[in-house]
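This briefing is meant for a reader who is meeting the structure for the first time. Please keep the sequence and the 3D view at hand while reading.

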Amino acid sequence: MRADPRGVLTGVHFMDGDHACCEGALAAGARFAAGYPITPSTEVVERFAARIPTIGGVFIQMEDELAASIAILGAVWAGAKAFTVTSGPGFSLMMEHVGLAVMTETPCVIVNVQRGGPSTGLPTLPAQGDMMQARWGSHGDYEIIALSPNSPQECFDLTVRAFNLAEKYRTPVMFMMDEVVGHMTEKVVIPPAEEIEVYPRRYTRKSPGEYKPFEPCEDLVPEMVRAGTGYRFHITGVTHDERGYPLINPEAQDKLVRRLKEKIRRAAGELAFYEEEGTDAADVIVVSYGITSRVAQRAIDLARAKGIRVGKLRLITIWPFPDEKIRELARRTGAFVVPELNLGQIVREVERAAAGAARTYAVPHAGGTVHRPEQILSVIEEAAR
Amino acid sequence: MIETEDLVEAPPQNPVEPYLRTDRLPHIWCPGCGIGTSLNCFVRALIESKEDLDRLAVVSGIGCSGRVAGYVAFDSFHTTHGRAVPFATGLKLANPALKVVVYSGDGDLFAIGGNHIIHAARRNVDIKVICVNNFLYAMTGGQSGPTTPPSSITTTSPYGGFEPAFNLPHLMDAAGAVYVARWTTFHVRQLTRAMIEILHKPGFCFIEVLSPCPTLYERRNKLGDGLDTMKYYKEKSKIRHGAPTSEVALDKRGEIIVGKFVDRNRPEYLELMRAQHRAQLGDRFVEAPACLCD
């Protein structure tokens with residue numbers, strides 16, 4: 001279906017990534033947000049708080065991130081599209097409800113504008129240190145979807161996509177920004193509402209008597225209902241059967257957890273968004289994401305000027321990790337170079353997926369600023385030798 | 001000799017049965033536990049209240065009382081430990097037509113969930129909180145909590161507790177709840193009436209329901225069984241409506257002040273939000289639709 005025009009600020013804007021993310025959420029149909037202030041993400045909800053009373057909806061500033069991350073789940077079960085926004089310390093607190101959202105298959109978007117950690121770390125400075133937390137941060141075994149934008153334009157475009165994927169797969173989607181992308185101001189083009197595709201909630205057409213809240217469709221995703229419509233349904237964070245009733249035994253656990261993982265895993269191919277360029281005859285391929293991809297571009301240009309055949313793979317989807325793409329590239333290149341604003345997270349995934357078919361080089365950085373292009377260039381040169 | 005006709009007549013159905021997920025029975029609660037009694041009162045209150053039960057949502061946290069959401073045949077949400085109140089807040093604000101009841105225990109609502117409940121009361125979110133207070137963590141085997149009376153024996157206070165306990169009505173009164181009452185599971189009629197009152201009263205309402213936990217609290221403290229606790233409730237409870245909440249603190253087997261302590265009116269959250277935005281934005285203000293699903 002098409003976007004509700006009331007939430008779409010059609011036009012050409014000069015806007016930062018945080019604000020563009022908010023506009024993306026509004027365009028996608030989010031009419032409820034709950035937040036707790038934290039640098040460098042607060043501008044997203046500040047804008048939402050200013051905009052939503054002119055559109056029709058609710059913003060609530062909760063008492064902490066635990067509350068914000070579950071208030072949105074309540075709003076979703078009432079029928080709203082909803083999201084919350086945070087940075088590292090708040091992201092840690094939200095992990096409890098990432099798990100609840102996964103277990104109850106509650107579609108929602110959690111935005112993390114990453115800053116340096118651990119703990120309070122670098123409140124105002126960039127990092128990409130939460131990439132593994134986005135994947136594994138809540139307890140138990142599950143799959144997740146995570147996207148990483150590298151410009152304010154993508155903060156808009158991919159926020160819309162994040163909401164759509166959340167609805168399609170009935171899962172929380174992690175939107176992994178970083179401080180630089182969040183605070184960088186660039187041109188952002190917001191198209192007319194009729195050009196924005198919005199994935200509707202997968203409401204059931206079954207009658208209350210026939211409907212089971214966790215009976216999967218062919219793609220393993222169950223249909224949804226909302227409170228107050230006569231279905232008198234039950235949802236729980238406890239391992240449950242298709243009726244949503246708690247069922248605490250190994251068989252129920254196996255059936256449920258396998259399905260929750262498989263509904264994402266089997267879609268990994270169609271979820272693999274990336275930007276690829278010059279990889280055909282590349283001796284080295286730089287794999288990057290978020291703000292680091294823009295520094296990497298400069299390093300790639302410098303390396304090419306020196307005659308090195310360098311390709312580019314910019315990851316947009318981080319989770320599920322695009323194993324297939326890396327595997328395919330590993331067969332026809334010599335090495336991967338993976339710069340990121342952490343001391344080695346996604347590089348491990350690249351190395352795992354490459355499975356020895358190509359060498360893998362990290363370009364680690366503890367965060368606080370971005371790489372210098374020369375740091376990446378020198379590793380490209382080393383990898384090309 | 002008994003005639004066959006005398007045997008085939010079906011007993012009248014318990015009036016609360018249609019409102020319970022009977023396919024989930026038997027429940028997990030122990031003999032003598034008061035949670036089931038409180039639930040019986042709740043369902044009878046719902047029947048008498050004439051509320052549209054398709055629009056009722058029951059939200060629980062974790063614990064013995066947290067199991068209530070799983071047994072009622074309404075839209076019901078069994079959430080995470082301590083977070084029923086913020087879940088209920090999101091549910092209510094996104095669809096104000098829902099009647100949202102939080103049903104949970106003292107540890108869930110006032111230890112791990114303590115921060116959330118005071119803020120919901122401060123905001124006057126239109127949710128109804130029923131707190132079954134059995135004085136300890138029962139689901140995990142009887143540990144002490146913020147309501148455990150000093151000197152009580154629990155698994156984590158094996159030599160007797162020494163931490164002061166919360167006075168829940170006082171806390172809720174101070175935080176801004178518009179309705180605060182306390183009853184015990186002995187006072188089934190008064191409790192039912194109080195539940196009907198909060199279903200009809202806008203704003204953040206709170207009822208504390210004192211309940212025996214014969215398996216873990218009474219037994220370890222040599223206070224008898226569920227029936228003995230009922231006798232204690234009967235003998236030591238004093239009804240004092242309007243009592244200052246600062247005077248209703250509990251101690252181990254002392255006097256229990258019960259009644260409706262607070263019943264006042266204050267604009268609820270969404271009313272305040274709309275009024276403020278309308279005043280500041282004028283024509284630019286757009287009222288949220290009746291349900292954010294629209």
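This is a predicted model: local features need pLDDT of at least 70, side-chain atom pairs count only at pLDDT 80 or more; totals for chains, interfaces and linings use all residues.

A salt bridge here is a side-chain nitrogen of Lys or Arg within 4 Å of a carboxyl oxygen of Asp or Glu. By that rule the side chains of E96(A) and R83(B) form a salt bridge, with N and O 3.0 Å apart, and the count between chain A and chain B is four salt bridges.

**The interface between chain A and chain B**

- The contact involves 46 residues from chain A and 47 residues from chain B, and the area buried between the two chains is about 3700 Å², of which carbon and sulfur atoms give 60%.
- P53(A), E63(A) and R232(A) together supply 19% of the area that chain A buries against chain B, which is more than any other three residues supply.
- Across this interface there are 22 residue pairs in polar contact, counting pairs in which both residues have pLDDT 80 or more.
- On the side of chain A that touches chain B, at least two residues come from each of β2 (30-35), β3 (58-61), α3 (65-77), α4 (88-104) and β10 (234-236) of chain A.
- With eight residues, α3(A) gives the most to that side of chain A.
- Sorted by class, the side of chain A that touches chain B has 25 nonpolar, 13 polar and eight charged residues.

**Strand pairing and H78(B)**

- Strand β10(A) is joined by three bridges to strand β2 (residues 75-78) of chain B, and the two strands run parallel.
- Within β2(B), H78(B) stands opposite T236(A), and the side chains of H78(B) and T236(A) make a polar contact at 2.7 Å.
- The side chain of H78(B) also reaches the backbone oxygen of G61(B), at 3.4 Å.
- Is H78(B) buried or exposed? H78(B) counts as buried because its relative accessible area is 5%, and buried means under 20%.
- Leaving out residues up to four places away in sequence, H78(B) touches residues of both chains, including H234(A), I235(A), G237(A), S60(B) and R67(B).
- H78(B) and R67(B) are eleven residues apart in sequence, and their C-alpha atoms are 7.4 Å apart in space.

**D323(A) in chain A**

- D323(A) belongs to helix α11 (residues 323-330) of chain A, and D323(A) counts as buried because its relative accessibility is 18%.
- Apart from its neighbours within four places in sequence, D323(A) is in contact with R352(A) and A353(A).

Notes
Residues are numbered from 1 along each chain as its sequence is written. Chains are lettered from A and ligands numbered from 1 in the order in which they are written. Side-chain values use heavy atoms; hydrogens and water are left out. Helices (H or I, at least four residues) and strands (E, at least two) are DSSP runs, numbered from the N terminus. Buried means under 20% relative accessible area, exposed over 50%, partly exposed in between (1.4 Å probe, protein chains only). Contact means heavy atoms within 4.5 Å. Buried area is the accessible area (1.4 Å probe) that two parts lose on being put together, summed over both. A polar contact is a pair of N or O atoms within 3.5 Å; within protein, one must be able to donate a hydrogen and the other to accept it, and residues adjacent in sequence count only if both atoms are side-chain atoms. Ala, Val, Leu, Ile, Met, Phe, Trp, Tyr, Cys and Pro count as nonpolar, Asp, Glu, Lys and Arg as charged, and the others, Gly among them, as polar. Two strands pair if DSSP finds at least two bridges between them.
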